[in-house]
Amino acid sequence: MSLDDPRAAAARTIRAVSAGESLERALDAYRDHSERALIFELSYGVLRHWFSLSEWLDSQLRKPLRKKDLDVYCLILVGRYQLQNSSIANYAAVNLTVEAARHLDKSWACGLVNSVLRTPKKSVQPSIEARFEAPSWLIQSIQRHYPESAEKILQANNTRAPMTLRVNRNRQTAESLAHVLRNHGIATVPGNLANSLSLATPQAANTIPGYNEGWFTVQDEASQRVIEVLAPQPSARVLDACAAPGIKALQLLEAHRDIDLTAVDIDATRSPFGENESLRLGRPLKLHAADATQQDWWNGVLFDSILIDAPCTGTGTLRRKPDIKVHRTPEDVVLLQSGQRHLLCNLWRMLASGGTLLYSTCSILPDENDSVIQHFLGQTADAVTEPISANWGHATRFGRQSLPEEGGADGFFYSRITKL
Ligand SMILES: C[S@@+](CC[C@H](N)C(=O)[O-])C[C@H]1O[C@@H](n2cnc3c(N)ncnc32)[C@H](O)[C@@H]1O
């Protein structure tokens with residue numbers, strides 16, 4: 001089996017994702033591959049269009065492929081994606097995809113791949129899942145909660161998100177970085193935040209000038225806003241309770257140099273990224289492994305500000321993580337909601353009176369957002385939410401919600417809660 005062929009590599013990546021692996025992790029094997037860009041484009045593209053592509057393929061196959069041939073199934077999707085959604089010439093797309101079957105050690109499948117890809121597409125009415133490229137439970141949930149804008153959200157979810165940089169304010173300004181990048185032939189678009197900047201055409205972060213010098217971090221604006229909304233006081237004791245891999249913790253240290261930050265996360269294996277980033281960006285950060293639903297790691301000293309950037313469905317970030325559409329189920333929402341409630345309830349005891357807790361998620365589902373806060377307020381007499389006034393997103397009952405927009409930022413929820 002050859003790992004060098006980009007179409008075979010994409011098929012293997014998609015197979016791993018359809019068996020439960022995250023796309024990010026499945027792509028790890030190909031980060032240094034000479035055809036990395038094509039493998040990423042094909043893998044992301046197929047997962048973005050998973051629902052229509054697999055519906056089409058299921059209608060083409062006279063009998064389902066065997067489980068052990070899931071890689072062939074995924075390879076045919078890679079072929080169809082190229083014909084339907086890429087600028088690769090049709091003859092090259094078909095021939096190279098047929099050839100890729102050999103690289104999967106599935107020479108027997110060359111004829112099948114060839115004939116399915118050459119069969120003209122029948123025009124049939126697509127299912128709602130195929131039309132919106134999402135599972136029906138999610139489509140229904142978005143339609144129920146956002147009746148006015150559901151179609152726009154669902155369509156935006158299938159577009160490519162901009163690559164946004166958070167400029168390291170201790171080393172550059174957005175204008176000076178834009179100038180440097182322009183001199184290297186990299187066009188940028190000014191951001192909506194003082195320190196943000198988007199690339200006109202995304203590229204691997206470590207190929208952008210200034211990466212090694214720590215001039216920027218790749219971070220969506222909706223994620224950057226979390227720290228803007230948290231706005232800790234000078235020299236505050238701050239807890240980042242779900243900190244890994246450390247993007248917002250480092251942003252906090254960049255923007256508020258004198259705060260006393262404690263950063264914990266239950267998943268210690270994600271901390272090397274944070275520590276490497278800390279070296280690159282020049283701000284010392286130590287991520288501690290701890291379960292924030294427990295108190296055994298806490299020394300009893302109260303915090304002035306607490307950030308809970310909670311684990312969630314990620315339904316505001318489907319453009320960046322299309323595998324979420326394939327993996328998430330309604331049962332996940334229930335499980336995540338229970339974890340979110342536990343985090344809030346436990347961490348509240350660690351907040352000083354007069355202090356602020358910011359609860360954020362990258363979800364657009366009210367079950368993980370307003371409902372969690374409502375439940376918490378119902379059992380916490382000394383908690384009140386503060387309105388977040390802003391020129392982005394919309395106010396909800398207990399916070400503020402941004403929705404994924406074509407060409408814009410991700411979907412995020414923010415709720416600021418003060419302790420009386
Ligand atoms: C949305 S991510 C946080 C991203 C992070 N704030 C950043 O900006 O890089 C949610 C994090 O919550 C962590 N987490 C989940 N359950 C937790 C718990 N009980 N205690 C602490 N961290 C937890 C996960 O490991 C994950 O890293």
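Author: Across the whole structure, a search finds 6 aromatic pairs; rings of Phe, Tyr and Trp (its six-membered ring) count as a pair if their centres lie within 6.5 Å, and planes under 30 degrees apart are called stacked, over 60 edge-to-face and the rest tilted. One of these pairs joins tryptophan 348 and phenylalanine 376, whose ring centres are 5.2 Å apart with the planes at 75°, so the arrangement is edge-to-face. The pair connects distant parts of the chain, as tryptophan 348 belongs to helix H16 (residues 330-348) and phenylalanine 376 to helix H17 (residues 370-378), 28 residues apart. Helices (H or I, at least four residues) and strands (E, at least two) are DSSP runs, numbered from the N terminus. Tryptophan 348 is buried at 5% relative accessibility, and phenylalanine 376 is buried with a relative accessible area of 3%. Here buried means under 20% relative accessible area, exposed over 50%, and partly exposed in between (1.4 Å probe, protein chains only).

The model is predicted: local features need pLDDT of at least 70, side-chain atom pairs count only at pLDDT 80 or more, and totals for chains, interfaces and linings use all residues. Residues are numbered from 1 along each chain as its sequence is written, and side-chain values use heavy atoms, with hydrogens and water left out.

Another edge-to-face aromatic pair is formed by tyrosine 359 and phenylalanine 413, at 6.4 Å centre to centre and with 70° between the planes. This pair also links distant parts of the chain: tyrosine 359 lies in strand S9 (residues 351-361) and phenylalanine 413 in strand S13 (residues 412-419), 54 residues apart. Tyrosine 359 and phenylalanine 413 are both buried.

A charge sits over a ring if NZ of Lys or CZ of Arg is within 6 Å of the ring centre and within 35 degrees of the ring normal. Arginine 36 lies over the face of phenylalanine 40, at 4.3 Å from the ring centre, while the charged end of arginine 66 is placed over the ring of tryptophan 108, 5.9 Å from its centre.

The nonpolar cores come next. A nonpolar core is a set of buried Ala, Val, Leu, Ile, Met, Phe, Trp, Tyr and Cys residues joined through side-chain atoms within 4.5 Å. The largest such core has 41 residues, of which Val46, Trp50, Leu57, Ile76 and Val113 touch the most other members. Two or more residues each are given to this core by helix H1 (6-18), helix H2 (23-26), helix H3 (36-48), helix H4 (50-60), helix H5 (70-85), helix H6 (90-103) and helix H7 (110-118). H5 supplies the largest share, 9 residues. Setting aside neighbours within four places in sequence, isoleucine 76 is in contact with Trp56, Leu57, Leu112, Val113, Val116 and Leu117, where contact means heavy atoms within 4.5 Å. Another core of 28 residues lies apart from the largest one, and its members include Ala222, Ala236, Val238 and Leu261.

Turning to charged pairs, the structure holds 18 salt bridges, each defined as a side-chain nitrogen of Lys or Arg within 4 Å of a carboxyl oxygen of Asp or Glu. In one of them, arginine 15 pairs with aspartate 71, the closest N and O atoms being 3.8 Å apart. Arginine 15 lies in helix H1 and aspartate 71 in helix H5, so this bridge ties together parts 56 residues apart in sequence. Arginine 15 is partly exposed at 30% relative accessibility, whereas aspartate 71 is buried at 4%.

Arginine 66, the residue over the ring of tryptophan 108, also meets aspartate 69 in a salt bridge (2.9 Å, N to O). Aspartate 69 is buried, at 2% relative accessible area, and arginine 66 is partly exposed at 48%.

A further salt bridge joins arginine 102 and glutamate 99 (3.3 Å, N to O). These two residues are separated by about one helical turn because they stand 3 residues apart in helix H6. Arginine 102 is partly exposed, with a relative accessible area of 41%, and glutamate 99 is partly exposed at 34%. Elsewhere, salt bridges with shared partners join Arg15, Arg66, Asp69, Asp71 and Lys106 into one network.
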